[in-house]
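Visitor: Hi, I've got a protein to look at and I'm new to this. Can you walk me through it?

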Amino acid sequence: MLFSYATYLLAKWRETRVYPLIIRWLSLPGEDAFEIGGDTVTQDGARFLASTFDGDFEPLKSLILNRQANKFCRGEAVESMALLAAWGEVPRETVEEYFLWLAREGLEREFSHVWNNLAASAVDIEALQTFSELRPAYDEGLIEPGFMSASTLDEVEAGPHGKCIEHYRKSRPPLSDIAEETSWWQCFSKPDRARQLAEVAQEHSHQQSVRNQKTGRNEPCPCGSGKKSKKCCGA
């Protein structure tokens, strides 16, 4: 809990000195990042990275391409670049160019949640040049249609342009009200003691199964948080 509170506060304060440590945390192999931070990884991992970004893209790029890191953590790194563009902190063209490279040759040609995040992030910031490479990725089965359909690319491409990125900017702003941001935490639901003990005992296996479920990005997350899947466990 202290780790999670500290991460939210440091991100709120835009403390760039913690950026390398967050990269190191999210680069841990297997489930290790989740063992430390729980579902804050998929809830706000991208905002942690974007809020503490120190101007150096190379650590982010290394995380995205690190096949030893958890695929959900890699996906959060992809989205953090989209957030930086949406917040106007880096040129959108710079992020779009990198997304195009990822889709064309940077990412491994096998299904991964990283591809899901890349497609969603490209839509969120209207990285239209990337769409020509994302369509073949759908054909190859690299992106899950249940997460976001290929027709979404056509809709965004047809316009009106500027609508998606504006909505994204407003729905995923920099962290500010930490009490509000952490209100979804299980500890604030005040369950009875017996239920609480049972939930704690099952928490790890439940989190893993939730992340493995296939849920549309705009559907309610199966973890029961009430948030959309894309903004929660990311499954």
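Visitor: Let's start with helix α7. Which of its residues are buried?
Guide: Helix α7 covers residues 92-106, and its buried residues are Val95, Glu96, Tyr98, Phe99, Leu100, Leu102, Ala103 and Gly106. Keep in mind that this is a predicted model.

Visitor: Ok, and what covers the buried residues of α7?
Guide: The cover includes α5 (58-65), α6, α8 (113-124) and α9 (128-139).

Visitor: Let's pick one from that list. What does phenylalanine 99 touch?
Guide: Leaving out residues up to four places away in sequence, phenylalanine 99 touches Val78, Met81, Ala82, Leu118, Ser121, Ala122, Ile125 and Thr130.

Visitor: And which residues have the most contacts inside the largest nonpolar core?
Guide: Those are Leu60, Phe99, Trp115, Leu118, Ile125 and Leu134. The core itself has 63 residues. Helix α6, residues 71-86, gives the most to this core, with 10 residues.

Visitor: Let me zoom out. How many helices and how many strands are there in the protein?
Guide: There are 13 helices and zero strands.

Visitor: How much of the protein is buried?
Guide: Buried residues make up 48% of the 235 residues.

Visitor: What share of the contacts is between residues 24 or more positions apart?
Guide: If you take contacts with a separation of 6 or more, residues 24 or more positions apart account for 69% of them.

Visitor: New topic: charges. How many salt bridges are there?
Guide: The count comes to 17 salt bridges. One of them joins arginine 14 and glutamate 89, with the closest N and O atoms 2.9 Å apart. Arginine 14 sits in the loop between α1 (2-12) and α2 (19-26), while glutamate 89 is in the loop between α6 and α7, so this pair ties together parts that are 75 residues apart in sequence.

Visitor: Are those two buried, exposed or partly exposed?
Guide: Arginine 14 is partly exposed, with a relative accessible area of 30%. Glutamate 89 is partly exposed too, at 39%.

Visitor: What about arginine 17, which residue does it form a salt bridge with?
Guide: Arginine 17 forms a salt bridge with glutamate 15, and the closest N and O atoms are 2.9 Å apart. Here arginine 17 is exposed, at 68% relative accessible area, and glutamate 15 is partly exposed, at 21%.

Visitor: Now aspartate 44 and arginine 172. How far apart are their closest N and O atoms?
Guide: They are 3.6 Å apart, in a salt bridge. The pair links distant parts of the chain: aspartate 44 is in helix α4 (residues 40-52) and arginine 172 is in the loop between α11 (163-171) and α12, 128 residues apart. Both aspartate 44 and arginine 172 are buried.

Visitor: Which residues do salt bridges with shared partners join into one network there?
Guide: The network is made of Asp44, Arg47, Glu79, Arg172 and Glu181.

Visitor: Tell me about glutamate 181. Where does it lie?
Guide: Glutamate 181 lies in helix α12, residues 178-181. Its relative accessibility is 15%, so it counts as buried, the cut-off being under 20%.

Visitor: And what does glutamate 181 touch?
Guide: Not counting residues up to four places away in sequence, glutamate 181 touches Tyr8, Asp44, Arg47, Leu175 and Ser176. Its side chain also makes a polar contact of 2.6 Å with the side chain of arginine 47.

Technical notes:
Residues are numbered from 1 along each chain as its sequence is written. This is a predicted model: local features need pLDDT of at least 70, side-chain atom pairs count only at pLDDT 80 or more; totals for chains, interfaces and linings use all residues. Side-chain values use heavy atoms; hydrogens and water are left out. A nonpolar core is a set of buried Ala, Val, Leu, Ile, Met, Phe, Trp, Tyr and Cys residues joined through side-chain atoms within 4.5 Å. Buried means under 20% relative accessible area, exposed over 50%, partly exposed in between (1.4 Å probe, protein chains only). Helices (H or I, at least four residues) and strands (E, at least two) are DSSP runs, numbered from the N terminus. Contact means heavy atoms within 4.5 Å. A polar contact is a pair of N or O atoms within 3.5 Å; within protein, one must be able to donate a hydrogen and the other to accept it, and residues adjacent in sequence count only if both atoms are side-chain atoms. A salt bridge is a side-chain nitrogen of Lys or Arg within 4 Å of a carboxyl oxygen of Asp or Glu.
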